Amino acid sequence: MASAPRSKAPTERSGDPHRPDDHIDAEPAADGIAQPKLGPVGYLRFFWRQLTSMRTALVLLLLLALAAVPGSLVPQRSSDPNGVIQYEQNNPDTFQVLDALGVFSTFSSPWFSAIYLLLFISLVGCILPRTKHHLDALRARPPKTPARLSRLVGYTEQTATTDVETAVEAARATLRGAGYRVERYRDSISGERGYLRETGNLVFHTALVGVLVTVGIGGGFGYTGQKVIIQDTSFTNSLASYDSFNPGRFFTDDALEPFSVRLDDFEGSYELDPSTGNYQPVDFTAHLSTRTPGTDWTDADLKVNSPLELGGTKMYLLGNGFAPVVTVRDPDGEVAFSGPVAFLPQDGNLRSLGVIKVPDGLDEQLGFLGYFYPDPLELADGTYTSVSPHPGTSSLLSLTLYKGDLGLDAGVSVNAYSLNVDNLTQIAGPKADTPAIQLTQGQTAELPDGLGTIEFTGLQRFVSVEFHHDPTEGWVLLFALLILGGLLVSLFVPRRRMWIAVSADGDGVRLEYAGLARGEDPGLEAAVADVARKHAARLDSRRT
Amino acid sequence: MTTATLAAYSLLAVYSAAAVYVLAFIGYVVDLSGRSSRALAAQPAASASVASTTGTTTVLAPPAPPTAAPEVRDSRAARVAFALTVLGFVIHVLALVLRGIAAARAPWANMFEFAVTGTAVIVGVYLAVNIFRNVRYVGAYITGLVSLLLMLATINVYVDVVPLPPALQSGWLVIHVFVAILGTGFFALGAGLSIAQLLQARRETGATDQPRFLRGFPSSEALENTAYRVNVIGFAFWTFTLIAGAIWAEHAWGRYWGWDTKEVWTFIIWVVFAGYIHARATRGWRGAPSAWLAIVGFAAVLFNFTVVNLFFKGLHAYSGL
Ligand code: HEM
């Protein structure tokens with residue numbers, strides 16, 4: 001890369017992009033900086049210079065990359081909480097150590113945060129002075145023509161039979177035509193172009209700060225919440241309706257936009273993979289109706305990759321399954337429980353696990369725990385599996401029945417999808433005298449001990465969905481696009497200076513051309529040659 | 001034709017392309033072995049005092065020729081190898097087209113398909129860069145790498161054409177993954193150039209004259225400049241990959257960023273290359289240290305594609321073998 005004759009032309013400095021002292025294009029640091037006068041201010045200044053140097057930025061970047069590695073080696077609380085629990089069970093000793101180090105929450109750990117905060121302080125300390133200098137540079141004139149162009153890049157000489165004035169004016173027109181900002185110094189034209197490169201660089205680095213700030217602060221105003229919605233039931237957006245809810249730090253109830261959603265139908269389509277015999281899901285579509293206050297229900301479809309926008313809230317389809325409708329009656333035929341119960345899929349053929357709790361209306365509290373098989377097949381050991389995800393008349397509900405205190409009155413919230421059987425007695429199933437209850441649709445079975453009956457009344461679908469509200473998402477996207485745009489501009493717009501010097505030479509003129517790269521510029525030599533050619537052509541056309 | 005026969009023809013084309021690349025590799029190696037003697041024979045360019053005269057102007061001192069090209073002309077072996085590389089590439093692309101028709105979608109939805117598309121892109125980038133600048137001297141590295149990867153892919157991770165799970169049915173998948181592959185192609189070439197740069201720099205110190213073929217290579221500085229151009233284009237694609245991936249994640253999972261394993265590695269690679277770009281602009285870091293960063297960056301890309309895909313758990317895991 002060409003070294004600039006900067007020391008010989010000190011006025012040039014005003015036009016330079018300001019760079020940290022150890023930037024390859026910057027002047028070497030003056031002696032005073034390497035050995036500061038160490039008063040408290042001196043220390044502070046020294047420290048600040050160190051922090052905002054290119055070397056520090058580089059080391060912090062590399063540290064950031066390194067510090068992110070553990071976050072991929074062990075499960076993270078934020079993205080894989082079950083994995084963390086499993087890790088603890090499998091390796092209790094290493095878990096202790098790693099957990100103390102914060103490795104299971106790498107990306108919010110003190111060490112990771114320290115690195116990126118330092119990096120961003122350094123970044124701001126770098127951007128601010130450079131922005132100021134760049135704004136000045138945008139108003140500055142192109143630099144004086146160096147005395148000896150022959151030392152610069154792409155130096156070219158030619159002669160022409162014309163007068164000095166004509167040649168200089170043609171030089172001005174040539175450089176201007178090539179997009180240079182030009183200035184005449186005696187009999188030479190100085191041109192500079194590519195200010196956009198530094199602009200792009202500053203936009204890029206500023207947008208990095210923008211992303212960090214919007215993600216860090218803006219994300220706190222939103223929330224995510226999960227809900228299982230069973231066919232023909234509706235969900236209304238309020239705190240109490242969610243199965244689980246994760247508010248951001250600055251969340252208030254106002255962020256919950258009023259709307260309702262009802263699941264009308266669900267379709268899953270599958271394709272049989274002949275080589276493995278497995279069904280591959282091809283498409284999931286939930287047919288919904290949605291309503292905002294004061295309007296009527298309107299139809300909407302929800303698919304896996306296309307969230308539904310409800311005002312500023314997005315709704316995602318996470319999962320789906322079957323919800324058998326069961327009716328439990330007491331010996332007199334009075335209904336103790338009736339309704340659809342979501343069974344959670346356990347495999348690709350939708351063998352599904354579910355729990356039915358009947359706390360009231362019978363002599364005992366009852367809990368049913370069992371499987372639903374959409375397309376059942378009995379195995380040699382008497383257990384069942386499902387051979388396809390398609391339900392039919394043979395779809396089977398197989399339930400083990402427990403009686404005892406279900407623990408629903410204790411006031412603690414209990415998971416609707418699990419049954420703690422520790423304090424319960426099995427009264428139908430492998431450990432009881434009565435075998436497990438097996439029902440196909442429409443069938444009714446007697447409960448043991450004359451407790452009543454259970455009927456498999458019908459079959460419905462359910463979907464599990466996530467609602468997501470993040471008011472700053474658009475800003476994050478905007479900054480991300482600025483990052484990309486700034487990057488492209490700063491990497492691919494060349495910033496260069498070009499000079500054309502004219503001097504009288506016998507009957508004609510002697511023309512000198514040379515360029516200077518500001519940053520990476522592989523095309524500079526070709527550009528100088530091109531300018532020389534265009535200039536010559538312009539002089540020729542003027543004569544003829 | 002049925003899906004199965006199309007897929008079978010596609011696989012056959014993959015084998016053929018790999019075989020042609022191996023032949024090209026041999027050609028490049030022959031070229032390398034002859035490079036040092038040809039380098040000695042190469043003459044310094046004569047500098048003309050008057051280069052050309054047009055109309056009224058006379059050019060006195062022509063601009064110096066660009067230094068990035070190797071000082072020696074390509075041998076016949078290199079030209080044959082290059083032609084074979086083009087042939088292999090055509091067959092390779094044909095394999096992709098057949099696979100795409102068989103699956104009725106873009107052919108980069110599982111690891112086998114990533115590998116076949118990714119290697120095609122590596123070769124494509126190499127061929128395209130050769131239009132602008134002669135980098136045939138890294139042909140042995142490119143064809144060697146690509147035939148090795150193709151062999152590993154067909155032996156270890158071959159899968160038949162299967163339909164896409166709903167979570168992968170997205171225009172963003174097509175874009176995100178393809179741009180990631182494009183970035184990978186540039187990083188692969190950049191790493192080759194950086195390796196050559198390191199070896200050349202060691203030779204230039206005078207400590208050793210091995211390997212001798214480096215005599216016919218450009219100077220370490222010219223190699224570094226070319227590597228930088230190539231890596232920077234890769235970085236731009238990688239930045240886009242990161243953003244497109246976040247948009248896709250937002251559509252599919254309801255959050256644009258969640259530090260999922262694959263996201264972590266995409267981020268690490270991005271930061272390493274940002275470090276590389278900084279190193280090039282930092283006093284004391286230009287030259288060998290920055291070249292090492294480019295190589296580490298590409299190693300991380302390969303790691304991300306192989307080890308992370310196969311052994312790490314995460315949401316991306318279902319993109320499948
Ligand atoms: C968040 C961390 C950072 C990242 C990801 C980053 C990334 C980049 C990238 C990709 C480039 C090349 C593209 C361009 O010119 O715009 C670049 C250039 C540059 N960065 Fe950073 N940067 C970071 C922090 C910093 C800091 C803290 C400083 C100040 C010390 C800095 C100073 C520079 C300078 C001076 C250039 C121009 C290099 C040249 O002349 O080619 N960056 N940075």
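1. Residues 56-74 of chain A have end C-alpha atoms 29 Å apart, and this span is 89% helix and 0% strand. UniProt, in an unreviewed entry, lists 56-74 as "transmembrane region", along with 111-129, 202-223 and 474-493 of chain A; its positions follow the numbering used here, feature names are shortened, and annotations may be inferred rather than shown by experiment. Residues 111-129 of chain A are 100% helix and 0% strand, with 28 Å between the end C-alpha atoms. Helices (H or I, at least four residues) and strands (E, at least two) are DSSP runs, numbered from the N terminus.

2. A word on the model: it is predicted, with local features needing pLDDT of at least 70 and side-chain atom pairs pLDDT 80 or more, while totals for chains, interfaces and linings use all residues. Residues are numbered from 1 along each chain as its sequence is written, chains are lettered from A and ligands numbered from 1 in the order in which they are written, and side-chain values use heavy atoms, leaving out hydrogens and water.

3. Now the ligand, which lies between chains A and B. Its shell holds 27 residues, the closest being A:Cys126, A:Asn201, A:His205, A:Ser490 and B:His278 (a residue is near if one of its heavy atoms lies within 4 Å). By type, the shell has 17 nonpolar, eight polar and two charged residues (nonpolar: Ala, Val, Leu, Ile, Met, Phe, Trp, Tyr, Cys and Pro; charged: Asp, Glu, Lys and Arg; polar: the others, Gly among them).

4. Helices H3 (54-68), H7 (110-139), H9 (195-216) and H10 (473-492) of chain A, together with H7 (261-280) of chain B, each give two or more residues to the shell. H7(A) gives the most, with six.

5. There are 38 aromatic pairs over all chains (Phe, Tyr or six-membered Trp rings with centres within 6.5 Å; stacked under 30 degrees between planes, edge-to-face over 60, tilted for the rest). A:Phe266 and A:Phe284 make a tilted one, 6.0 Å centre to centre and 35° between the planes. A:Phe266 is in strand E7 and A:Phe284 in strand E8 of chain A, so the pair ties together parts 18 residues apart in sequence. Both are buried (under 20% relative accessible area, 1.4 Å probe, protein chains only; exposed is over 50%, partly exposed in between).
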